Amino acid sequence: MSTFQIREEFYINDQPFKILSGAIHYFRVQPDDWYHSLYNLKALGFNTVETYVPWNLHEPQKGVFTTEGILDIERFLSIAQELGLYAIVRPSPYICAEWEWGGLPAWLLTEQVRVRSRDEAYLRHVDDYYAFLLPKLAKYQLSQGGNILMFQVENEYGSYGEDKEYLRAIAALMRKYGLTAPFFTSDGSWRATLRAGTLIDEDILVTANFGSNASGNFEQLQAFFDEHDKKWPLMCMEFWDGWFNRWGEEVIRRDPNELAQAVMEAVELGSINLYMFHGGTNFGFMNGCSARGQIDLPQITSYDYDAILDEAGNPTKKFYALQALMKEAYPQLDYAEPLVKEARAYPTVSLNDKVSLFAALENVSDCQSAFYPKSMEELGQNVGYTYYKTRIEKDKSDDEYLRIIDARDRVQVFIDGQKIATQYQEEIGEEIHFQQADTEAELGILVENMGRVNYGHKLTAPTQYKGLGRGVIADLHFIGQWDMYPLPLDRLEELAFTEEWDEEQPAFYRYHITIEHCQDTYLDMTGFGKGVVFVNQQNIGRFWERGPLLSLYIPKGYLKKGENEIIVFETEGKYRENLRFSQEHVYKDL
């Protein structure tokens with residue numbers, strides 16, 4: 001069997017080895033496209049693929065585990081090995097990754113634990129997860145005939161805490177379930193994060209994350225090694241070659257030639273992992289959220305990241321610029337022409353059916369009732385929307401008002417089915433004035449979880465609980481007796497489009513398209529307001545007219561020959577009679 005060692009350099013079978021790695025998250029790429037992306041990584045001249053492992057997808061409900069479909073990490077590793085790629089796997093409980101709650105499962109919020117800490121109850125949950133996951137990874141270690149070189153203990157922990165007992169506990173659990181390959185941590189390159197987030201005294205490799213100035217950042221990492229008398233190779237575990245995007249902001253771009261030069265500087269000095277090589281897509285409700293002061297800023301569905309490959313996995317200008325410099329500096333490596341997929345703009349299709357959410361509630365959700373409203377998590381729901389309704393009495397002959405307390409993240413308020421207000425985080429808590437015609441009315445509130453924060457101190461903030469918080473106040477008192485409808489939108493096959501549709505209400509819109517040859521495509525959502533799209537029951541992600549993208553990428557693997565169903569759930573009352581496709585993303589002019 002082959003061996004991998006960390007001495008003054010990395011060694012495979014006692015031969016010096018420079019790690020040239022690129023990040024591809026299997027859970028962000030449709031499985032039919034794994035080969036395409038991995039092949040292109042090999043074609044660049046690189047030798048290793050790196051991936052996180054998202055706990056919240058592998059254990060979506062407490063004690064319910066899965067590695068099916070897009071979560072089949074064993075198949076992903078096998079394809080990589082068949083292509084001659086080594087692997088670095090980061091199965092830490094927390095991954096950041098601009099991913100929903102940094103990969104932590106939302107059901108932990110009801111367990112009264114302190115995440116990312118020595119909390120015994122939290123560690124028991126990690127133990128249960130690792131008992132399922134890690135034996136599957138252990139089989140793919142290099143020493144077992146597989147291709148995994150290293151495993152990450154924790155992710156940028158030095159930017160969160162300094163609980164060494166916690167870090168040691170995670171490392172111990174990894175060993176408990178058969179991981180014998182070398183471990184590492186990854187943190188910012190400055191001393192404060194390296195000191196807080198590493199286990200250097202236990203000979204666990206320390207790596208740094210940065211996206212430029214390799215000489216300066218590696219100099220800080222080397223100084224930390226020298227301080228602890230370690231003779232280790234330098235490695236950038238995340239060389240940021242682009243960046244993520246948030247709703248309503250300009251798309252972030254980096255010059256391809258400047259990026260290629262910056263990467264080569266790092267490669268000359270040490271080993272590297274490009275973050276990202278292929279970014280992919282935040283399918284479903286898995287986009288993360290940035291924490292900014294009192295306001296959380298959710299990220300968009302596309303995780304294109306302005307990476308080496310675009311969202312569809314095709315080479316960008318960065319690929320060719322970097323490959324050209326690699327060939328010049330390291331002509332002995334294996335290079336190839338990258339694979340390129342063609343996208344197609346399918347013919348426009350017409351609307352077939354539509355139905356209002358309120359008319360379809362009983363089809364797609366089971367009602368739960370309580371005097372005080374419950375949070376999304378208390379209702380057993382992780383992501384999506386929750387609809388709350390109750391009856392209110394008319395107390396005044398003129399202006400009535402109410403206030404929503406603690407809701408997250410975005411609310412739409414209805415009186416007898418008529419929308420009277422939309423509030424986001426900065427408006428929630430302000431008075432909502434309305435005229436009530438009858439002595440009694442139905443108050444409805446649709447609350448959207450737009451994504452939990454994925455980085456920083458807000459991981460443990462009360463704002464990560466979604467839905468209604470303490471409730472709703474009419475005049476000066478809390479309103480009681482609520483009916484609550486969890487809407488993770490995972491029961492759309494039960495939708496009855498025979499019910500009524502009303503203007504200006506959240507609604508479902510169904511389209512059909514017949515396809516002879518399946519190719520990647522982009523769904524143009526221009527003219528729609530805000531919501532999420534399902535293709536053949538697969539949630540391909542959120543859209544929002546704020547931009548910067550007005551389209552959603554649909555991989556060919558989510559299409560099928562023959563008739564395909566597209567369902568749009570839209571919350572603003574904006575829709576199109578005709579649904580259009582594109583060969584590329586559609587951008588909003590911000």
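Predicted model: local features only at pLDDT ≥ 70, side-chain atom pairs only at ≥ 80, totals over all residues.

User: Let's start with the active site. Where does UniProt put it, and why say that its residues gather at one spot?

Analyst: The unreviewed UniProt entry places the feature "active site" at Glu156 and Glu238. They span 83 residues in sequence, but no two of their C-alpha atoms are more than 10.4 Å apart, so they gather at one spot.

User: What makes Glu156 buried or exposed?

Analyst: The cut-off for buried is under 20% relative accessible area. Glu156 comes in at 11%, so it counts as buried. As for its place, Glu156 lies in the loop between β7 (148-155) and α5 (164-176).

User: And what makes Glu238 buried or exposed?

Analyst: Glu238 is at 5% relative accessibility, so it goes down as buried too. Glu238 is in strand β10.

User: How do you know what Glu238 is in contact with?

Analyst: Contact needs heavy atoms within 4.5 Å. Leaving aside neighbours within four places in sequence, the partners of Glu238 include Arg90, Asn155, Glu156, Asn209 and Tyr275.

User: What makes the link between Glu238 and Tyr52 a polar contact?

Analyst: The limit for a pair of N or O atoms is within 3.5 Å. The side chains of Glu238 and Tyr52 are joined at 2.7 Å, so the pair qualifies.

User: Tyr275 was on that contact list. Why is its ring pair with Tyr305 called edge-to-face?

Analyst: A search of the whole structure finds 40 aromatic pairs. In this one, the ring centres of Tyr275 and Tyr305 are 5.5 Å apart and the planes are at 80°, so the label is edge-to-face; the cut-off for that is over 60 degrees. The pair links distant parts of the chain, with Tyr275 in strand β11 (residues 271-278) and Tyr305 in the loop between β13 (295-298) and α9 (317-329), 30 residues apart. Tyr275 and Tyr305 are both buried.

User: Then why is the pair of Tyr303 and Tyr305 called tilted?

Analyst: The ring centres of Tyr303 and Tyr305 are 5.3 Å apart and their planes are at 50°, so the pair is tilted. Stacked needs planes under 30 degrees apart and edge-to-face over 60, with tilted for the rest. Tyr303 and Tyr305 are both buried.

User: How do you know that charges sit over the ring of Trp544?

Analyst: One distance condition is that NZ of Lys or CZ of Arg is within 6 Å of the ring centre. The charged end of Lys530 is 4.6 Å from the centre of the Trp544 ring and sits over it. The charged end of Arg546 also sits over that ring, 4.8 Å from its centre.

User: Last, helix α10. Why say its buried residues are on the same side?

Analyst: The buried residues in α10 (residues 357-364) include Leu357, Ala360, Leu361 and Val364. They cover an arc of only 145° around the axis, which puts them on the same side of α10. An α-helix has 3.6 residues a turn, so residues three or four places apart point the same way.

User: And what do those residues pack against?

Analyst: The buried residues of α10 pack against strands, among them β14 (349-356), β16 (384-393) and β30 (562-570).

Key: Residues numbered from 1 in each chain as written. Heavy atoms only, no water. Phe/Tyr/Trp six-rings, centres within 6.5 Å; stacked < 30°, edge-to-face > 60°. Helix = DSSP H or I, 4+ residues; strand = E, 2+ residues; numbered from the N terminus. Buried < 20%, exposed > 50% of the residue type's maximum accessible area, 1.4 Å probe, protein only. Lys NZ or Arg CZ within 6 Å of the ring centre and 35° of its normal. Arc of directions from axis to C-beta. UniProt positions renumbered as here; feature names shortened; annotations may be inferred. Polar contact = N/O pair within 3.5 Å; in protein donor to acceptor, adjacent residues only side chain to side chain.
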